[in-house]
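Hello,

Here is the structure for you to look at. My notes come after it.

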Amino acid sequence: MFEELRKIIEANDSIVIFGHIFPDGDCYGSQVGLRDLLRLNYPNKKVYAVGSGLHRFFKLIGEMDEVSDEVIKNSLAILVDGNDCSRMEDQRVVTAKEFIKIDHHIENYRFTEGKFVINNNANSTAQMIVELGQESGWKFNPTISNALFLGILTDSGRFQYIEDFPLAFHEVAFLCENGANPKAINDILNQTVESALQFRGYVFNNYRKTKSGVIYLTFKYETLQRLHVSPSKAGSMVNLLSNVIGYPIWAFFCENEDGTCHAEFRSNGPGVQPIAAKYGGGGHFLAAGVTLNDMSKETVNMIIKDLNKAISDYQKENK
C-alpha cells in the first residue's frame, strides 16, 4: 500500500512532517512516531516534525522541532492526520517543494498537491504508520512505539471505536514488544487539574437538548476564560456528554478569541461527518469537527437542525 510513498521518501534528503490544527494524540503521535522512524532507518536524512504537539508528553515521547522557512521550501512535506494543507497547523506547509498525505479521515477531495494514502477503515493515522513501518521492514524503538501507541489509544477512544479488533490488538502488541509503555501513557492521559473539575461541573449543569435527541452546549469565550480552559481543550472534552440514553448525538460549540467557533460533533449511530463537511470541516463518520465563522444563535441553530435531521433519517433507515 505504501510502495509509491516510500519511494518518494527515499528520494528526499530533507523531510518536514506537518499535523493539523488543534493537535490531538493521534496527530502528535503520528508526527513524532513517523519522524523518529525515518531518523532511525534513514540516518543520513534530515527529518523534522513541526507544530505545537502535546506538551505533557514531551518528556516521555519527544519535543517538536523548530525549522526555518528555507528548510521547508527545500523539503518534502508529509501531512499526517488531516485532509489538506488548509487544515495544517503550520501554514508554511504550502511552500514545500513536494507533498505526501497519510490520513484515515473521509476524503474531501481538496488535496490536489501530491500523492496520498488514505484508509478510512484504520482506527488512526498512527495505525497506518505502524503498517508503513512493518511493510517497509523498518526498525522500531521505545520512543517510536510510545508515540504510535498514544495515537492508536486516543483516536480509538481507548479501544472503543474499532472495527477490526484482532488487527488493532496485533498492532499494539507489536508496539509493546518494541518498547511501548501503556501504563506510562495512561498515567499521563489520566492526569487532571482542579480547573477541569470546575469545567465538568459547568457542563453537567448547563447542557441543552432537543426533542430529536441532540445533547449539546455552547461556550462563550469569556466563559471558557473563567473556567481556565482553552476552546480547543474544551472541544476535546465533548465526550463528557457521550452515550446519554435517548441522545445519540452530542456536540460542543466553543467560541475562539477572534469570534470564530470550534465545534465538535460525536455520535453513536447517525452520521455527523457529512454535517461537518457541509460547513467546511471533516473527520470520521461518527466523530467530526469544524471551525465556524461565528457562534451566533442563527449558526448554531442551523447546525442543530441538521443534527436533528440526521437522527430522524437514521431512525427511519433503521426501523
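The notes below cover the sheet, then the helices.

This is a predicted model, in which local features need pLDDT of at least 70 and side-chain atom pairs count only at pLDDT 80 or more, while totals for chains, interfaces and linings use all residues. Residues are numbered from 1 along each chain as its sequence is written, and side-chain values use heavy atoms, with hydrogens and water left out.

Helices (H or I, at least four residues) and strands (E, at least two) are DSSP runs, numbered from the N terminus. Two strands pair if DSSP finds at least two bridges between them.

The sheet is open and has five strands, in the order β2-β1-β3-β4-β5, with parallel pairing. Its edge strands are β2 (46-50) and β5, each of which pairs on one side only. On average, neighbouring strands are turned by 15 degrees against each other, direction ignored. Axes are lines fitted to C-alpha atoms, for helices over the stretch in contact, and angles run from 0 to 180 degrees between N-to-C directions. Four bridges join β4 to β5; Ile 100 stands opposite Lys 115 in β5.

Contact means heavy atoms within 4.5 Å. α2 lies across β1, β2, β3 and β4, at about 170 degrees to β2. α4 lies across β3, β4 and β5, at about 110 degrees to β4.

In α1 (residues 3-10), Leu 5, Arg 6, Ile 8 and Ile 9 are buried (under 20% relative accessible area, 1.4 Å probe, protein chains only). Seen down the axis of α1, the buried residues fall within an arc of 160 degrees (from the directions from the helix axis to the C-beta atoms), so they line one face of the helix.

Regards

Methods
Buried means under 20% relative accessible area, exposed over 50%, partly exposed in between (1.4 Å probe, protein chains only).
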